[in-house]
Number of protein chains: 4
Amino acid sequence: MQRETASEMLELGRRVLAEQPFSVLLGTHLVGFDALGAELELSITDVLRQQNGFAHGGVVSYLADNALTYAGGAALGTAVVTSEYKINYLRPALGDRLIARASVLHAGRNQAVCRCDVFVVAAGAQETLCAVAQGTIARLSGGQPEARRAPTAEDAVRPMHSRSDR
Amino acid sequence: MQRETASEMLELGRRVLAEQPFSVLLGTHLVGFDALGAELELSITDVLRQQNGFAHGGVVSYLADNALTYAGGAALGTAVVTSEYKINYLRPALGDRLIARASVLHAGRNQAVCRCDVFVVAAGAQETLCAVAQGTIARLSGGQPEARRAPTAEDAVRPMHSRSDR
Amino acid sequence: MQRETASEMLELGRRVLAEQPFSVLLGTHLVGFDALGAELELSITDVLRQQNGFAHGGVVSYLADNALTYAGGAALGTAVVTSEYKINYLRPALGDRLIARASVLHAGRNQAVCRCDVFVVAAGAQETLCAVAQGTIARLSGGQPEARRAPTAEDAVRPMHSRSDR
Amino acid sequence: MQRETASEMLELGRRVLAEQPFSVLLGTHLVGFDALGAELELSITDVLRQQNGFAHGGVVSYLADNALTYAGGAALGTAVVTSEYKINYLRPALGDRLIARASVLHAGRNQAVCRCDVFVVAAGAQETLCAVAQGTIARLSGGQPEARRAPTAEDAVRPMHSRSDR
């Protein structure tokens, strides 16, 4: 991991995100990604809303979960899965964009504990904290099929299309 | 709530679910809904998958969260929001359908604590537990805009289109 | 683990519990312990109470945490630590005894996910559910110093006093 | 709350802590307490240890839980209870003292969401982060008996001994 530059990590992370049909469906973008954490963003389109016009909790959870996974993957420097997380919703996600910023609190040999803050932004307005999450990201055990994996140095030498299911 | 029959509750719940653009996008169905809990189900279509062919964690979380909200709403008999929940992923959600069953552990005056088990089902196979969640569902405070609300008796006398944002 | 009888496991578990000064301080008893789960119990003495006469939340959390660890240790068949857990307090723990029952939801190679229900009992009254918890118990990695470990077959052939710090 | 000075709040908080037999048993000290958060500390005496010489997880959880409650009580300016929290243990709590620092992330009308970092300190060594928690603190509903309540302005005009159970 150390051998990669920030731009290489970001490029790598975006390629992996592009491989997740669900992330493509929701229109998620990887804005930042380095050894300390990750930032994901998406536009709150109508299909991602509630009957009341704000982002569905499931969208907020998805973004927090994915950001936690990226942060943990960066820290562990390998393919990972989210083992568990908890999220507290603070305010309705009323706005145009969701931003999830996750950082690593502690990384051991096999797992990392990360936190994530999710902000909602309305046009021309400031970011408003709308949810907070905390969870465990685990090193992917060899046998297990890959889950929400974060990109690693291995990816650089592994052709992306070889893992694509589309 | 007590005055409603099971079929009335189920019908009511389905109307509310049909109002959530995100739930419509994911193709969620309300299979069961009564005073003790709720059961939600969806087909794992390709857009809901990982690069590895199983349901994205965000889809599993969404379904658990929504099932918890329905269970809490039924218990509290009013409009509710999910305050918080935690989820542990047990296995990759490899299969064709996801089923989330949530039940009420305790309901107070203003909030209910619920649990949810999420199962994945492959064609012709048995249900496999793939995630477990536990969370708090809170009575919606008057001022606050409605969030992931569960259906209540009020809905029966309130024209649905009046809350629609489509 | 399978080679042990239920009575051997219970005896083993009690020896390990007796080695935890904090558990001795709180007067915790291991009531049940097998491959499926564990049951811990303690009397709510005055020093374990709030200013209001019921058990302090910290006592309820301790008992739930320890029960989760025992359940996970039994399932993994090795020394373990609690990685994380969440707890929801449902009612004030007003009574004479606390009982925590933990069971295993899923056990993988390196970790187990468990649930725990905590009940409070008043003299001559029924058990009342006062808290619910869910958490992850992890196999103890060789290097790491032992934490809240659950008893395993190894203990049977390892003299207890060799791990004692008193 | 605003009318109280920092020193008044700290004094108040210490009187309330002194009323909790369990906190007295564990030797907890309130080091800091203001509208933004709270800091609790205790010495890791032998009775609070594991068979391996470090603080029992139940002690770490208790301190995190209590710090969260104080932080939430300060933000809500009323008597409160911990509704729920989750904790991730990062490292064995090997040292002489535990320090829990909790801060408020969001306070609504009836509840506050708080985070807590728990540090362990060995003689002459730096603080080491050993656990992180996140939870919900709720306004105490009138009817319910008081639980882990944080001090409020009301306490200033209410004689402490009137709530004592000793």
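**Aromatic pairs, a helix crossing and a buried serine**

S83(A) is found in strand β3 (residues 80-89) of chain A, where helices (H or I, at least four residues) and strands (E, at least two) are DSSP runs numbered from the N terminus. This is a predicted model, in which local features need pLDDT of at least 70 and side-chain atom pairs count only at pLDDT 80 or more, while totals for chains, interfaces and linings use all residues. Residues are numbered from 1 along each chain as its sequence is written, chains are lettered from A and ligands numbered from 1 in the order in which they are written, and side-chain values use heavy atoms, with hydrogens and water left out.

With a relative accessible area of 8%, S83(A) is buried (buried means under 20% relative accessible area, exposed over 50%, and partly exposed in between, with a 1.4 Å probe and protein chains only). Leaving aside neighbours within four places in sequence, S83(A) is in contact with T136(A), I137(A), A138(A), I87(B), N88(B), Y89(B) and Q111(C), contact meaning heavy atoms within 4.5 Å.

One of these partners, Y89(B), also belongs to an aromatic cluster formed by Y85(A), Y89(A), Y85(B) and Y89(B). Over all chains the structure holds 14 aromatic pairs; rings of Phe, Tyr and Trp (its six-membered ring) pair if their centres lie within 6.5 Å, and planes under 30 degrees apart count as stacked, over 60 as edge-to-face and the rest as tilted. The ring centres of F33(A) and Y70(A) are 5.3 Å apart with their planes at 85°, so this pair is edge-to-face. Because F33(A) lies in strand β1 (residues 29-34) of chain A and Y70(A) in helix α3 (residues 57-76) of chain A, the pair ties together parts that are 37 residues apart in sequence. Both F33(A) and Y70(A) are buried. In chain D, F33(D) and Y70(D) form an edge-to-face pair, at 5.3 Å centre to centre and 85° between the planes.

Turning to the helices, the axes of α3 (residues 57-76) of chain C and α3(D) come within 8 Å and cross at roughly 140°, the axes being lines fitted to C-alpha atoms, for helices over the stretch in contact, with angles from 0 to 180 degrees between N-to-C directions. That makes α3(C) oblique to α3(D), since angles under 35 degrees count as roughly parallel, over 145 as roughly antiparallel, 65 to 115 as roughly perpendicular and the rest as oblique. The contact is made by G57(C), G58(C), S61(C), Y62(C) and D65(C) of α3(C) together with G57(D), G58(D), S61(D), Y62(D) and D65(D) of α3(D).
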